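Have a look at the model below. We'll go through one chain by itself and then turn to a place where two chains meet.

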Amino acid sequence: MDESPLVNELKAHLGAKAQWVRETSKDNIFALVRPQDVPDCVRILWNEMHGRWGVITGVDVVGGIELLYHFIFDKHHRVVTLKTTVEKPFPEIESVTPIVPAAEWTEREAMDLLGVKFRNHPRPERLLLSDDWPEGVHPLRKDYQPKDPNA
Amino acid sequence: MSKRTMIPVGPYHPLQEEAEFFQLHVEGETVVDMDVRLSYNHRGIEKLIESKTFDQAPFAAERVCGICSASHPLAFVQAVESISNCQVPERALYLRTIVNELERIHSHMLWLGLAGHFIGYNTVFMWAWRYREPVLDLLEIVTGSRINYANVKVGGVRPDADLTPKKLAIIDKYMDDLKGPVEMLTKAVLDDPILHLRLKNVGVLTKEAARKCAVVGPTARASGVDIDTRRDHPYAAYDRVEWKVITQETGDVFGKAVVRLLEVAESIKIVRQGVRQIPGGPIDAGLKEIPPGEACGHVEAPRGETFHYVRSTGNNYPYRHKIRAPSYVNVASFKASCIGQPIADVCITLAAVDPCYSCTERMAVVVDAGTKQKTLTFNDLVRLSQEKTRSMMRNFKG
Amino acid sequence: MGLFRWGLKHSPWVYHVNTGACNNCDIEIVDLITPRFDVERFGVQLVASPRHADALLVTGICTRQCRPRLQEVYRQTAKPCLVIVIGVCACSGGIFHDGYHRWGRVDDAILEVDPNAVFAYVPGCPPKPEAMALGVLKALSML
């Protein structure tokens, strides 16, 4: 598989902020960054490189929550994902909603379902879970134990 | 300072089927603010899919939404195929394309009917849904079901979604028969002076706002944002057939209607080329194991780009499956296109984004900081919208 | 059978409630009023308010957020009101029956409000419009 020229462009723009940048599978480029560098990297991809905003995926892994910031680069026919891990038991990271307004809901979703705190989020309210859902219970965590609704 | 009233829109009303909760802040007759409260439709699909095998997951994914039900499983299997670096046989690519384009046709016609109802053109509603029925029949012939097709699997297409030459001929004939009614409906909408008055400059989403809200699909293309996953990230057989991406520059409801109508004509073209060019051969790559890895798969659903992320750890279950439906970003742009609009235009502005709430589980809510009086229901807003059209018709003739 | 029941049976007004569904059943319900199926010729009409409804068409898994609203809608209907439960999600939860956001069965939610409520079930994912029309008409003939 020929590596896309976008990989080198990303390396040039992100510089030392990206620990590595790789095209790991067809049309998918991943870059590993530190949590504290995420707002800068998002700003680079959104403002400087004019990527199109996708969504944020949160993944519950051993020891932390991995946050994946997906951007789509239509002219290069690639999806670029910034990967970072925030540590449990109190996962938190700076919100990118001030940079990308479209991130507002997806950060609130990660708050509800995974318990990640987004510092300086303009509206850190419950989005998806019902009004009577207990605080501190995050269904997408791997240790979540559902109550049987049929019981 | 003029009085702010809160008008809750929803949660139930007759033609927007999903439970929704819009709350609009209005000053006088103009919308000044709006917010969203979701969760009525949250069904926990992402968690559910973590307990399904890669083969079972497409059945769950297609129940994210009934109207985009071919797009979600396709995005999922494409992500898994990227992880496995799997070559899908060409015949399967064409079969996927045909079903997805038929879905686009029925979805846009569904939208046309609903939009017609919201502005009081019930004839458009009935005609659009009447001509939509043969497309659903066709989908039943092709896949066995009007909705929920269960046609894709990782590596290809399921055996009962294969098409005999007879079925291919039936599809071609149906598409030929549909061209006339679609042209008629398109002309009826584009040439109607009342619709020009009613829908132009209504619910405008500027190109800049479209980019900031990261909108996709016809909502974006109507604002001059030239993106289409079928062309920009070619999948299935879209790079093997001739078709055009439709854009408009106005960003208003009329522009969105034009984009959708012209896209139906393009979809008919794609399906007809598909049935003529489809090669023989296998329809399944025969993939047995999914290696560890992660990838994103995206597909142009009728409402825009459906974006899925899948992570595999090498066993038979997805470790994580993230679903971002197009309505997730499109509905969030309601605020940008609703602010400053009169109340009578709210429901058509909302409908123009073609929200598929079950994809998104989002319901726009305008939170009122002041009084929480219930003055109007969504049904009242629909009536206001229809009354505005009627008064335009009276003034036009008189 | 009294005049009221005769009227009910011959011209039922139905109100549609979505308690957290994927849209399939809901779109097929709206399909019922379009020219091909045209249930309006049987007198069945979709109405805009539960207060006018003789029957409720309920779809969806009954999410935790929707349950109080479903119960409120049922309270607002004029009795007798038949509850027609459409789609396997509403009947038993379907593929979502283990979902964390699901409260439980639609009929259990309504039985909390009215232990004498009457239900008819139209399973399917989604049930075809013909099945829904048959289900509605059969249910009404029970009265």
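Of the 398 residues in chain B, 68% are buried, meaning under 20% relative accessible area with a 1.4 Å probe, protein chains only. This is a predicted model, where local features need pLDDT of at least 70 and side-chain atom pairs count only at pLDDT 80 or more, while totals for chains, interfaces and linings use all residues. Residues are numbered from 1 along each chain as its sequence is written, chains are lettered from A and ligands numbered from 1 in the order in which they are written, and side-chain values use heavy atoms, with hydrogens and water left out.

Staying with chain B, you'll find 16 helices and 9 strands, taken as DSSP runs (H or I, at least four residues, for helices; E, at least two, for strands). Take its contacts (heavy atoms within 4.5 Å) between residues at least 6 apart in sequence: 74% of them link residues at least 24 apart.

Now for chains C and A. Here 11 residues of chain C touch 12 residues of chain A. The size of an interface is often given as the accessible area lost when the parts come together. For this pair the buried area is about 950 Å², with 47% from carbon and sulfur atoms; that area is summed over both parts, using a 1.4 Å probe.

How many salt bridges does the rule find across the interface of chain C and chain A? It finds 1, counting a side-chain nitrogen of Lys or Arg within 4 Å of a carboxyl oxygen of Asp or Glu. A:D132 and C:R64 pair up in a salt bridge through their side chains, at 3.4 Å from N to O.

Methods. Buried area is the accessible area (1.4 Å probe) that two parts lose on being put together, summed over both. Buried means under 20% relative accessible area, exposed over 50%, partly exposed in between (1.4 Å probe, protein chains only).
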